[in-house]
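My notebook is open and I am ready to look around.

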Amino acid sequence: MNVTKKDGCLILRASGNEVPYEGEVSRSAFKRAIGAEVGEICETLEGGCLVIDEEGKLKNKPILNPKATRMYKYSFITVHGALQMVDYIAGDVVYLPKEIRQRWDEEEQRLLALEDELFIA
């Protein structure tokens with residue numbers, strides 16, 4: 001599966017810049033796009049996902065990616081009626097809107113089923 005500019009996938013730079021992501025929808029392609037050795041999928045508040053560098057904080061990447069941190073589903077909790085940040089995203093990330101994430105999930109499930117079928121046969 002490939003995406004183009006019109007699909008709404010973005011590379012969210014820690015600097016605050018956004019760059020359209022175009023190309024293959026795969027973990028390896030996303031890791032290359034953000035310079036990650038270990039990628040992690042994080043849910044967003046609207047049902048999409050962020051592909052982040054799991055080791056971003058350890059690699060001294062920019063301390064905070066403000067936009068990605070605001071989008072990350074588990075960055076903030078409410079304590080006594082006030083929002084409190086409990087986690088943050090460091091470095092560049094790939095953002096996939098809900099529709100693209102659903103298509104990617106469906107494609108991965110189809111491929112896993114095909115692998116199982118080939119293994120059993």
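Which residues form a nonpolar patch on the surface? I looked this up in what is a predicted model. The patch is formed by Ile63, Leu64, Phe76, Leu83 and Met85. Together these residues have about 510 Å² of accessible area.

**Entry: Phe76 and its strand**

I picked Phe76 from the patch and checked where it sits. Phe76 belongs to strand E7, which covers residues 76-79. Is Phe76 buried, partly exposed or exposed? Its relative accessibility is 32%, so I noted it as partly exposed, since that class lies between 20% and 50%.

Next I followed E7 to its partner. E7 and strand E8 (residues 82-85) run antiparallel, and four bridges join them. Across this pair, I found Ile77 opposite Gln84 of E8. E7 and E8 make a hairpin with two residues between the strands.

**Entry: Asp53**

Then I turned to another strand. Asp53 is part of strand E6, which covers residues 49-53. Is Asp53 buried or exposed? I wrote down buried, because its relative accessibility is 3% and the cut-off for buried is under 20%.

What does the side chain of Asp53 reach? I found the backbone nitrogen of Glu55 at 3.0 Å. The side chain of Asp53 also has a polar contact of 3.0 Å with the side chain of Lys59. So my note for Asp53 reads: a buried residue, with its side chain in contact with the side chain of Lys59.

Notes: Residues numbered from 1 in each chain as written. Predicted model: local features only at pLDDT ≥ 70, side-chain atom pairs only at ≥ 80, totals over all residues. Heavy atoms only, no water. Buried < 20%, exposed > 50% of the residue type's maximum accessible area, 1.4 Å probe, protein only. Polar contact = N/O pair within 3.5 Å; in protein donor to acceptor, adjacent residues only side chain to side chain. Patch = residues over 30% accessible without salt bridge, like charges linked within 9 Å, V, L, I, M, F, W, Y side chains within 5 Å. Areas by Shrake-Rupley, 256 points an atom, 1.4 Å probe, with all protein chains shown as cover. Salt bridge = Lys/Arg side-chain N within 4 Å of Asp/Glu carboxyl O. Pairing = 2+ DSSP bridges.
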